[in-house]
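The following exercises ask the student to read a protein model step by step. Each task is followed by a worked solution.

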Amino acid sequence: MSPLPRRWSAALATLVLLTLVAVPSPASAESFVAIKGAGSSWAAPAIDAWSTDVHPQGIVINFTASGSAAGRQAYTLNEVDFAATDIAFLTQGDPFGGGIENSSYAYSYIPIVAGGTALMYNLKLGNQKITNLRLSGDTITKIFTGKITNWSDPAITRDYGAQLPSQKITVVTRSDGSGASYQFTRWMSKQYTSQWNAFCSGFGVGAPCPPTEFYPKFSGSVQRQGSDQVANYIASPSYGVGSIGYDEYAYALNNGIPVVKVLNAKGYYALPTPSNVAIALQKAVIDEDPTSVTFLMQNLDQVYSYDDPRTYPISSYSYLVVPRDSRLDPRGVPQGPPPAFNTDKGKTLTTWIKYVLCGAQQSAGRLGYSPLPKNLVVGGFNQMGHVPGSVPVPDTAQLTGCNNPTYSDGVNHLIAGAPQPSPCDFHTAPLNCVVSNGQPVAAGTNAGGQANGSTGGGTNGGTNGGTAAAGTNPSAAAAGVDPDTGQVLTGDSGPGGGGDAAAQRLADSRRTGNSALVALTVAELLAAMVAPVLIGARLRRRRAWPEQSGGTA
């Protein structure tokens with residue numbers, strides 16, 4: 001063989017060898033069995049995204065967003081390996097559907113994500129979309145119990161600061177057993193008890209009326225199955241105009257739907273941003289008894305009335321129901337995991353849970369959720385250790401290597417860095433508000449009440465713009481969230497940017513996996529290194545060819 005072909009062969013051999021070293025072969029990769037789950041559509045966007053993240057590792061999580069009630073039932077029937085639910089198994093029957101739930105199999109609750117139940121809406125003034133709606137809890141409750149039926153109602157005008165068009169309100173609720181319905185009706189039942197009791201009495205349910213997963217249909221309402229169908233109805237440019245509904249904030253972001261700023265106990269209108277949810281959930285009372293069947297479950301009574309000005313009052317956690325090695329049921333009878341579950345499935349499930357409790361929380365905010373705080377991450381790992389076939393639990397003292405974004409060096413950074421609301425979000429501030437000398441004033445006036453042509457400076461944790469008229473507001477701009485729609489700003493759509501305020505689509509946040517990116521990067525680098533060798537050899541060969549052949553180049 002001549003020197004040139006040998007050089008060519010050596011370069012190709014080097015390329016192949018280095019590529020094989022950089023990208024592990026399937027035979028050397030760790031193996032996992034596929035698992036399946038069902039339940040909460042409130043948590044489904046996070047579950048789907050975080051399942052996609054681990055797929056390049058060979059971990060397959062098949063999840064069906066069937067609703068919390070259906071997920072819990074599937075677990076008790078040994079139909080799934082895990083369930084997702086926004087509430088615990090019911091120890092008392094639901095007045096509008098479903099009875100007492102008893103599982104024959106041992107289980108634990110593991111928190112997966114925090115979030116706010118958002119009120120999505122579709123309103124227009126002429127051809128202009130309204131994106132800065134703000135409402136009090138009293139008005140919201142009257143809308144969702146059929147007492148307020150038109151957008152021009154004086155109560156809405158009083159909250160919003162201007163009269164909206166005379167248009168029938170279409171309330172969109174869930175038709176299936178939904179944790180979102182339960183959390184929303186629980187808030188109404190605790191904060192606006194008399195109104196909720198009066199609504200329930202129309203369906204033959206006596207006081208005190210408990211919350212429900214099965215929202216009753218009433219005049220002026222429509223029902224849709226699943227969170228995505230609720231969002232699709234509201235987003236419709238034809239029949240969706242004039243509608244309002246509830247569900248996890250992620251669905252509003254993914255469909256580009258504005259959400260209501262809800263009045264909190266301190267008198268500020270707030271959005272379900274990650275920090276506002278985290279602030280609110282400081283007041284969640286968590287069952288800290290490891291021997292309790294409801295260990296890590298939440299009581300949200302104090303969340304609703306928390307008087308921090310940054311609080312989003314309709315905030316809660318969502319959970320996974322996972323198999324447990326053993327447990328005594330309420331009657332003292334020993335239970336084990338579901339028969340269809342085994343240690344191979346436990347390895348898959350807990351490898352995924354380890355990622356969910358740590359690195360996955362980094363993307364919670366842009367998906368429309370709020371990351372879990374340290375106490376729930378630690379509790380989740382304690383429960384994970386009881387799953388048959390569990391992978392090793394990390395050090396829970398300092399969460400070393402966990403990469404959870406909320407906690408390091410003993411500090412919850414999401415809470416410590418949470419911005420204060422803009423003065424324009426206070427309930428007495430005018431709709432066309434700007435901040436002047438730290439005070440909310442109508443556009444065109446300064447703090448002293450004199451007319452001017454400026455838009456003011458304002459403060460919002462030290463940063464915000466001053467323009468707030470015509471459907472814009474300075475609050476939360478520094479956090480990368482549109483202050484009126486609640487949508488995450490992307491690209492150049494932040495303050496001063498030229499882009500629009502489109503929400504980040506969930507599909508954009510579902511990464512293809514680090515291993516694939518590494519392989520692509522390695523291939524590109526190798527090509528960059530080897531190509532000059534190959535091209536140079538080829539050119540030298542072409543230059544040498546005339547001498548060898550006696551021809552011309």
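**Exercise 1. A charged residue**

Solution. The model is a predicted one.

Step 1. Locate the residue: Asp159 belongs to helix H5, which covers residues 154-160.

Step 2. Look for another polar partner: the side chain of Asp159 makes a polar contact of 2.6 Å with the side chain of Thr139.

Step 3. List the residues it touches, setting aside those up to four places away in sequence: Arg134, Leu135, Ser136, Thr139 and Tyr269.

**Exercise 2. A residue in a loop**

Where does Arg324 lie, and which residues does its side chain reach through polar contacts?

Solution. 

Step 1. Arg324 is placed in the loop that connects strand E15 (315-323) with strand E16 (327-328).

Step 2. The relative accessible area of Arg324 is 8%. A residue counts as buried under 20%. Arg324 is therefore buried.

Step 3. The side chain of Arg324 forms a polar contact of 2.9 Å with the side chain of Ser108. The side chain of Arg324 also reaches the backbone oxygen of Ser326, at 3.2 Å.

Step 4. Compare sequence and space: Tyr109 is 215 residues from Arg324 in sequence, while their C-alpha atoms are 9.6 Å apart.

Step 5. Beyond neighbours within four places in sequence, the contacts of Arg324 include Tyr75, Gly336, Gln383 and His386.

**Exercise 3. A hairpin**

Describe how E20 and E21 are arranged.

Solution. 

Step 1. E20 pairs with strand E21 (residues 439-442) in the antiparallel sense, over four bridges. Ser436 stands opposite Gln439 in E21.

Step 2. The two strands form a hairpin with two residues between them. In the turn, Asn437 has a positive phi of about 55°.

Step 3. In a regular strand the side chains alternate between the two faces of the sheet. In strand E20 (residues 433-436), Cys433 and Val435 point one way, whereas Val434 and Ser436 point the other way. All four are buried.

**Exercise 4. The nonpolar core**

Which members of the largest nonpolar core touch the most other members?

Solution. 

Step 1. The core has 121 residues, and those with the most contacts to other members are Trp50, Phe144, Phe184 and Trp352. Strand E4 (residues 107-121) contributes the most to this core, with 10 residues.

Step 2. Beyond neighbours within four places in sequence, Trp352 is in contact with residues including Ile47, Trp50, Phe82 and Leu320.

Step 3. A separate core of five residues includes Ala278, Ile279, Tyr306 and Ile415.

Notes: Residues numbered from 1 in each chain as written. Predicted model: local features only at pLDDT ≥ 70, side-chain atom pairs only at ≥ 80, totals over all residues. Heavy atoms only, no water. Polar contact = N/O pair within 3.5 Å; in protein donor to acceptor, adjacent residues only side chain to side chain. Contact = heavy atoms within 4.5 Å. Core = buried A, V, L, I, M, F, W, Y, C linked by side-chain atoms within 4.5 Å. Buried < 20%, exposed > 50% of the residue type's maximum accessible area, 1.4 Å probe, protein only. Pairing = 2+ DSSP bridges.
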